[in-house]
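This report is a guided reading of one protein model, taken feature by feature. Please keep the sequence and the structure in view while you read.

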Amino acid sequence: ATISVLNFGAKGDGITDDTQAFHAAFAIAKGRSVSLEGRRFKVNLKVVNGNFSIIGDGAVLMPYLPNQPVISIIPEKYIYDLKLSDFQIVGYNYLADGIYVNNRSIENGADFLTMHGLLVTRCRFGLHIEGRSIWNKIYNSRFDWNIGGLRIETELPCNLWEINATTFNHNKNFGVWIKNLNALNVGFKNFKFNSCNMEGNGTEFDEGYGCMFSGMEMLILENVYVEGNKGKKKGIGIKITGPLGRAFVINGCWIGESEYPLVIDGEKKWGTISNSMIDCSPYKSSYDIYLNTNWFNNEPKIKISNVLGRVSDKLDNSGSTPLNGIDWVTNYSNGDIDLQYRDWVKIFNDGNSNVINSITGIYSGRRIGIINYTTKSLPLIIKGKLMFNGIDFVIKPNDLTEFLVDGYPTEGKLRPL
């Protein structure tokens, strides 16, 4: 069944404070849909119960009190199955949040929220989560032209979010900011972004971010487009940082036109970067992917394959950081390595065999990288028969070299970049 806010006294003229009419409709809305009939409303709503839908039919919501959120979701006990669809939220001069969720109790919940067909703009944060909120879905929505698009920052669990076909573009500071404030809290996991855009963020702050993820686990970014996130002094496309961070996946993504397109740092990072293009152009940065992370005993856990992008495991280009970011070559023996399924390899050079005699899986046009990781200050030698000029090539201890695989007339030969 559907009820209309107009039947509860709402004017929908874009001038009158219609907050109380909405609240009267919400009070009897359990199991129903509340229609906004495509009108323009000034409201500051407080949602305390769930199990109903707000259907806008193209409506526009604006704040009556400009320094308060348009919609606050603050459970009295437990909110679940609340659906918001097909309306716009237009803030006033970025003073307050568009949608604000505040649940400070571990027992209460603001869960099973669904947002579809929303445009949230000119707010402080388009969607702002403080406290526990799990099992939520956002799709076909836009959180653009705010100070920040999506901000989640809490010490309480935030799990099982699915975000599809949604944009977080042209926000003044960041597109997406998700931060676990409790280093011991493993309740930040199972976030999936699919076919989303984070573009043109950060233009009015010193540091601008497409996405910043801190202290999360099982983060999945697939078919995500992240471009032109600049900042006045530093622009970062995607940053994965903080404690924890196991089992992240970056696949099929374009990450570009930022000074630091992809930064991964902090402890206990474990995941894959694959089938993606990562490029800092037009900036003059030395690398496209910055790794400065470790697991126990410097065992690297980040696997990179089929990625166009230059990799460093120093967050900046100063100092000496152990080369501990990129996948081990587990099948390195008797001077043979296999590059068929990876673009970067790290050779653990213990001195038993510090010569590469053959490489499997290389073909013309590929760009590959080889790291000489050694605890004994030993060079790594690539035999001249593998080089375009026929001369042995030496990789210094704990250093890395990128190579282009030459084509005709030196098919399959390596040329240092």
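## Buried and exposed

A residue is called buried when its relative accessible area is under 20%, exposed when that area is over 50%, and partly exposed in between, using a 1.4 Å probe and protein chains only. By this rule Glu402 is buried, because its relative accessible area is 14%. Glu402 lies in strand 37, which covers residues 399-405; here helices (H or I, at least four residues) and strands (E, at least two) are DSSP runs, numbered from the N terminus. The C-alpha atom of Glu402 is separated by 6.6 Å from that of Ile370, although these two residues are 32 residues apart along the chain.

## How the model was read

This is a predicted model, in which local features need pLDDT of at least 70 and side-chain atom pairs count only at pLDDT 80 or more, while totals for chains, interfaces and linings use all residues. Residues are numbered from 1 along each chain as its sequence is written, and side-chain values use heavy atoms, with hydrogens and water left out.

## Aromatic rings

Two rings of Phe, Tyr or Trp (its six-membered ring) form a pair if their centres lie within 6.5 Å, and the pair is stacked if the planes are under 30 degrees apart, edge-to-face if over 60, and tilted otherwise. A search of the whole structure finds 14 aromatic pairs. In one of them, the centres of the Phe26 and Phe52 rings are 5.2 Å apart and the planes meet at 35°, so this pair is tilted. Because Phe26 belongs to helix 1 (residues 19-27) and Phe52 to strand 6 (residues 52-63), the pair ties together parts that are 26 residues apart in sequence. Both of these phenylalanines, Phe26 and Phe52, are buried, and together with Phe22 and Phe41 they form one aromatic cluster.

Rings can also have a charge over them, which requires NZ of Lys or CZ of Arg within 6 Å of the ring centre and within 35 degrees of the ring normal. Lys172 lies over the face of Tyr94, 4.5 Å from the ring centre, and the charged end of Arg415 sits over the ring of Phe388, at 4.0 Å from its centre.

## Nonpolar cores

In soluble globular proteins, nonpolar side chains tend to be buried together. A nonpolar core is a set of buried Ala, Val, Leu, Ile, Met, Phe, Trp, Tyr and Cys residues joined through side-chain atoms within 4.5 Å. The largest such core has 74 residues, and Phe193 and Phe213 touch the most other members. A second, separate core of 14 residues includes Ile356, Ile382, Leu386 and Phe393.

Ser281 and Pro282 are joined by a cis peptide bond, with omega about 5°, and Pro282 is placed in the loop between strand 26 (270-279) and strand 27 (289-294).

With a relative accessible area of 40%, Glu37 is partly exposed. Trp145 likewise has a positive phi, near 60°, in a residue other than glycine. The place of Trp145 is in the loop between strand 13 (142-143) and strand 14 (148-154), and Trp145 is partly exposed, with a relative accessible area of 47%.
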